[in-house]
Amino acid sequence: MTKKIYIKGMTCDHCVRRVENSLKAIEGVSSVKVDLQGKVATVELSKDVKDEEFVRAIDDAGYEVARIE
């Protein structure tokens, strides 16, 4: 399963690393790829993860989720 998380507030490579590390810490996330220009993180999942967990992780990293697809 793949989810796309659109994120507000990312401006640099440091932001990308923070988001990647936050998302990778969630159980069930097998890989994360963040596109800074598109402001989107593509997350591969090994099991179902609730959207609220993504929102919390992104919020804790200091950014805001615009939407999840």
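1. Lys3 is buried, at a relative accessible area of 13%; here buried means under 20% relative accessible area, exposed over 50% and partly exposed in between, computed with a 1.4 Å probe on protein chains only. Lys3 forms a salt bridge with Asp51, and their closest N and O atoms are 2.6 Å apart. A salt bridge is counted when a side-chain nitrogen of Lys or Arg lies within 4 Å of a carboxyl oxygen of Asp or Glu. The two partners come from distant parts of the chain, 48 residues apart, with Lys3 in strand E1 and Asp51 in helix H2. Asp51 is partly exposed, at 30% relative accessibility.

2. A word on what you are looking at. This is a predicted model, in which local features need pLDDT of at least 70 and side-chain atom pairs count only at pLDDT 80 or more, while totals for chains, interfaces and linings use all residues. Residues are numbered from 1 along each chain as its sequence is written, and side-chain values use heavy atoms, leaving out hydrogens and water. Helices (H or I, at least four residues) and strands (E, at least two) are DSSP runs numbered from the N terminus.

3. What does the record say? An unreviewed UniProt entry carries the annotation "domain: HMA" for residues 1-66. Positions from UniProt are given in the numbering used here, feature names are shortened, and annotations may be inferred rather than shown by experiment. In the model, that span is 35% helix and 35% strand, and its end C-alpha atoms lie 20 Å apart.

4. In what order do the four strands of the open sheet lie? The order is E2-E3-E1-E4, with antiparallel pairing; two strands pair if DSSP finds at least two bridges between them. E2 and E4 are at the edges with a single partner strand each, so one side of each has no neighbour in the sheet. From one strand to the next the twist averages 25°.

5. Five bridges join E1 to E3 in the antiparallel sense: Ile5 stands opposite Ala41, and Tyr6 has Val40 as its bridge partner.

6. H2 lies across E1, E2, E3 and E4 and runs at about 155° to E4. Axes are lines fitted to C-alpha atoms, for helices over the stretch in contact, and angles between N-to-C directions run from 0 to 180 degrees. Ser22 has its place in helix H1 and is buried at 19% relative accessibility. Beyond residues up to four places away in sequence, Ser22 touches Ala57 and Ala61, where contact means heavy atoms within 4.5 Å.

7. Which residues touch the most other members of the largest nonpolar core? Among its 21 residues, they are Ile5, Ile7, Val19, Leu23, Phe54 and Tyr63. Such a core is a set of buried Ala, Val, Leu, Ile, Met, Phe, Trp, Tyr and Cys residues joined through side-chain atoms within 4.5 Å. At least two core residues come from each of strand E1 (2-8), helix H1 (13-24), strand E2 (29-35), strand E3 (40-45) and helix H2 (51-61). Leu23 shows how these parts meet: setting aside neighbours within four places in sequence, Leu23 is in contact with Ile5, Val29, Val32, Ala41, Val43, Phe54 and Ile58.

8. Val65 is buried at 16% relative accessibility. From Ile5 it is 60 residues away in sequence, yet 6.8 Å in space, C-alpha to C-alpha. Apart from residues up to four places away, Val65 touches Ile5, Tyr6, Phe54, Val55 and Ile58.

9. How many salt bridges does a search of the whole structure find? There are three. Besides the pair in point 1, Lys47 and Glu27 meet at 3.2 Å, N to O. Lys47 sits in the loop between E3 and H2, and Glu27 in the loop between H1 and E2, 20 residues apart. Lys47 is partly exposed at 40%, whereas Glu27 is exposed at 60% relative accessibility. Glu69 and Arg67 also form a salt bridge, at 3.0 Å, with Arg67 partly exposed at 43%.
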